[in-house]
Amino acid sequence: SDFNKIPTVIMMGLDSSGKSTLLYTFQKEEVMKTSPTVGFNVATLNVDKNTALTVWDVGGQSKMRANWKYYLEGCKALVFVVDSSDRARIREAHKVLKVILSDNNMKGVPLMVLANKKDLPNTMTIREVCNQLDLPNYKHRAWEIQACSGLKGLGLKQAFLSVAKLVK
Ligand code: GDP
């Protein structure tokens, strides 16, 4: 079916980075929230009239980390959400990103980093987030970084259009 042709994009990031908010804002009506104990949302995002993406929000709490590898199979892009106002956890975010990308299923899979919460004052710049996550070191992987605000709906359309381009 057509549904099976829709590229699967995995969305990950630390807890509170803003993943759920971002999904709800982007396409409120299509997000189906499962019970918090299962801990993931799934959404099919209509990016434009020719592009839909299925996004799995698989959380980022440590209790979820052990299960990540089950979601990564067949994944066409990784969207990694970072709270750009949270300098205290950027190292933790970097560590987690490294673990995800080192999984065998993630070889050559493109990466989109969303520097979220850009509506807040005194956020890290794109350059800072980029360097903290060591993105320039990924020479054999397509990657991009964009600022956004899931809360205000800023930069989301653009970000998911870029993701759609990355998976093509
Ligand atoms: P998740 O654990 O990654 O799904 O994060 P949530 O979507 O639950 O968001 C965690 C907290 O950050 C909530 O209080 C949100 O309202 C807040 N938040 C999420 N996105 C933004 C944003 O873009 N800007 C601001 N200022 N707050 C945000």
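Biologist: Which loop holds Asn122 in this predicted model?

Modeller: Asn122 sits in the loop between β6 (111-116) and α6 (126-132).

Biologist: Is Asn122 buried or exposed there, and how do you know?

Modeller: Count the neighbours. Asn122 has 7 other C-beta atoms within 10 Å. The cut-off for exposed is 12 or fewer, so Asn122 is called exposed.

Biologist: And what is the phi of Asn122?

Modeller: Asn122 has a positive phi of about 60°, although it is not a glycine. For background, most residues other than glycine have a negative phi.

Biologist: Asp134 has a positive phi too, I think. What is its value, and where does Asp134 lie?

Modeller: Phi of Asp134 is near 65°, and Asp134 isn't a glycine either. You'll find Asp134 in the loop between α6 and β7 (143-147).

Biologist: Why is Asp134 called exposed?

Modeller: Asp134 has 11 other C-beta atoms within 10 Å. Exposed means 12 or fewer, so Asp134 gets that label.

Biologist: Then what makes Arg89 partly exposed?

Modeller: Arg89 has 16 other C-beta atoms within 10 Å.

Biologist: Where is Arg89, and which residues does it contact once its neighbours within four places in sequence are left aside?

Modeller: Arg89 is in the loop between β5 (77-83) and α5 (90-101). With those neighbours left aside, Arg89 is in contact with Leu14 and Asp83. Leu14 is 75 residues from Arg89 along the chain, and their C-alpha atoms are separated by 8.6 Å.

Biologist: Over to Met112. Why is Met112 called buried?

Modeller: Met112 has 23 other C-beta atoms within 10 Å. Buried takes 20 or more, so Met112 qualifies. Its place is in strand β6.

Biologist: Which residues does Met112 touch, sequence neighbours within four places aside?

Modeller: Met112 is in contact with Ala77, Val79, Glu144, Ala159, Ser162, Val163 and Leu166. Ile126 is 14 residues away from Met112 in sequence and 12 Å away in space, C-alpha to C-alpha.

Biologist: Which members of the largest nonpolar core touch the most other members?

Modeller: That core has 41 residues, and Leu78, Val79, Phe80, Met112, Val113, Leu114 and Val163 touch the most other members.

Biologist: Now Ser20. How do you know that Ser20 is buried?

Modeller: Ser20 has 20 other C-beta atoms within 10 Å. The cut-off is 20 or more, so Ser20 counts as buried. Ser20 lies in helix α2.

Biologist: Which positions does UniProt list for "binding site"?

Modeller: The unreviewed UniProt entry lists Ser20 and Thr37. In the model, Ser20 is among the residues that come nearest to the ligand, along with Gly18, Lys19, Thr21 and Leu151.

Biologist: What makes up the shell around the ligand, by class and by element?

Modeller: The shell has two nonpolar, nine polar and four charged residues. Helix α2 (residues 19-26) gives the most to the shell, with three residues.

Biologist: What confidence does the predictor give?

Modeller: The mean pLDDT of the protein chain is 85, and 82% of its residues reach 70 or more. The complex gets an ipTM of 0.99 and a pTM of 0.90.

Conventions
Residues are numbered from 1 along each chain as its sequence is written. This is a predicted model: local features need pLDDT of at least 70, side-chain atom pairs count only at pLDDT 80 or more; totals for chains, interfaces and linings use all residues. A residue is near a molecule or strand if its C-beta atom, placed from the backbone, lies within 6 Å of it. Helices (H or I, at least four residues) and strands (E, at least two) are DSSP runs, numbered from the N terminus. Ala, Val, Leu, Ile, Met, Phe, Trp, Tyr, Cys and Pro count as nonpolar, Asp, Glu, Lys and Arg as charged, and the others, Gly among them, as polar. A nonpolar core is a set of buried Ala, Val, Leu, Ile, Met, Phe, Trp, Tyr and Cys residues joined through C-beta atoms within 7 Å. Two residues are in contact if their C-beta atoms, placed from the backbone, lie within 7 Å. UniProt positions are given in the numbering used here, feature names are shortened, and annotations may be inferred rather than shown by experiment. pLDDT is the predictor's confidence in each residue, from 0 to 100.
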